[in-house]
Amino acid sequence: MSQRSKGWPAPAKINRFLHITGRRPDGYHALQTLFQFIEPCDGLDFTLTDGPEITRDGGVAGLPAADDLAVRAARALQARTGCRAGVHIHVDKRIPAGAGLGGGSSDAATTLVALNALWGCGLSGTALEAVGLELGADVPVFVRGRAAWAEGVGERLTVVEADRPWLVVVDPRVEVSTAAVFGDPKLTRHTERITISGFKTMALRNDCEATVRRLYPPVAGAIDALSEYGPSRLTGTGGCLFACFDDRDAAERARRGVDDRGTVWVTRAANRSPLLDRLAMQQASSNGA
């Protein structure tokens, strides 16, 4: 077979807010959040083989292939559909690991969407999201590719058209342990639930932020520095943080002011993932358009 399909994007995400509204009997936390997509994007290339082996190069340095969410996603799709083809996955990693930007989940989602098309599995979007949920709570929103209001553990999605501010994103280069944050006894766990309309009118926060600030002082310092230019908050469990601005010029001024706090970039929140455009290209090519 040895067919190669290149240039599949896996975007980063931000949580415009993150409220923890309780703890479920299974031990997971009940959440409310709003997902949007941002740059950077990881890039994935797929070389189809007669398989059924799944191999990978690139990705997070030092991460065994068997633990890579892209590899696990390919294997999960094989198991779900009985597909006997294989694939070699190349991951060009641009999203920092452990940063709250969803890089691993996005890689998994892109793998599911791409291989569902390339292998001809024929699963619906809903079925792909269900496979993704087995890999991680953030995977379904990347599969859907639309900005979404999320509840439950993050899997109950309502597509929204949110405002699209310019963002300054700061990566303090601190890899935060999600398990440590959610396991911290001082974590806020009983925030009152809000409505989608409430998102537009109330001051928002990330309930993980106080814990992350205490456990990871460099993140706290970066939040304080960026807050001099505008309201700033953590995304996910961190360590990346962001502030919203009305225009690019204001964002660029803030970026210059915090350049010493880590890796800093300006981007704009998006309500549509570039993965959807790449899928449409693939479908058009397959149909001979």
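Where is Arg 173 found? I looked this up to begin with, in what is a predicted model. Arg 173 sits in the loop between strand E7 (166–171) and helix H5. I noted Arg 173 for its backbone: phi is positive, about 65°, although the residue is not a glycine. Most residues other than glycine have a negative phi.

**Entry: peptide bonds**

I went on to the cis peptide bonds. Glu 39 and Pro 40 are joined by a cis bond, with omega near 10°. Pro 40 has its place in strand E2. I also found a cis bond from Gly 238 to Gly 239, where omega is about 5°. Gly 239 belongs to the loop between strand E8 (232–234) and strand E9 (241–245). As a reminder to myself, most peptide bonds are trans.

**Entry: the largest pocket**

How much space lies in the largest pocket? I have about 1300 Å³ written down for the largest pocket. Its lining counts 47 residues, and the closest to the pocket centre are Leu 69, Ser 105, Asp 138, Thr 178 and Thr 237. I then checked which elements supply at least two lining residues each: strands E1 (3–23) and E2 (29–49) do, and so do helices H1 (69–81), H2 (103–118), H3 (125–135) and H5 (178–182). Sorted by class, the lining holds 19 nonpolar, 18 polar and 10 charged residues.

**Entry: H2 with H10**

Next I turned to how the helices pack. H2 and helix H10 (residues 274–286) have axes 10 Å apart, at an angle of about 10°. That angle is under 35 degrees, so I call H2 and H10 roughly parallel to each other. From H2, the residues in this contact are Ala 109, Thr 110, Val 113, Ala 117 and Leu 118; they meet Leu 275, Leu 279 and Gln 282 of H10. I read the classes here as six nonpolar, two polar and no charged residues.

**Entry: H2 with H3**

At what angle do H2 and H3 pack? The angle is about 145°, and the axes of H2 and H3 are 10 Å apart. H2 and H3 make a right-handed crossing. H2 brings Ala 108, Leu 112, Val 113 and Asn 116 to the contact, while H3 brings Leu 128, Val 131, Gly 132 and Leu 135. By class, I have six nonpolar, two polar and no charged residues for H2 with H3.

**Entry: H1 with H3**

Last, I looked at H1 beside H3. Their axes come within 10 Å and cross at roughly 130°, and H1 and H3 are therefore oblique to each other. The crossing of H1 past H3 is right-handed. On the H1 side I listed Leu 69, Arg 72, Ala 73, Ala 76, Leu 77 and Arg 80; on the H3 side, Ala 127, Leu 128, Val 131 and Leu 135. Which classes make up this contact of H1 with H3? I have eight nonpolar, no polar and two charged residues.

Conventions
Residues numbered from 1 in each chain as written. Predicted model: local features only at pLDDT ≥ 70, side-chain atom pairs only at ≥ 80, totals over all residues. Heavy atoms only, no water. 1 Å grid on protein atoms, 1.4 Å probe; cavity = no way out; pocket = protein on both sides within 12 Å on 5 of 7 lines; lining within 4 Å. Points joined across faces, edges and corners; volume = space filled by probe spheres on them. Helix = DSSP H or I, 4+ residues; strand = E, 2+ residues; numbered from the N terminus. Nonpolar A, V, L, I, M, F, W, Y, C, P; charged D, E, K, R; others polar. Axes fitted to C-alpha atoms, helices over the stretch in contact; angles between N-to-C directions. Parallel < 35°, antiparallel > 145°, perpendicular 65-115°, else oblique. Contact = heavy atoms within 4.5 Å. Left-handed = near helix turned anticlockwise from the far one by under 90°.
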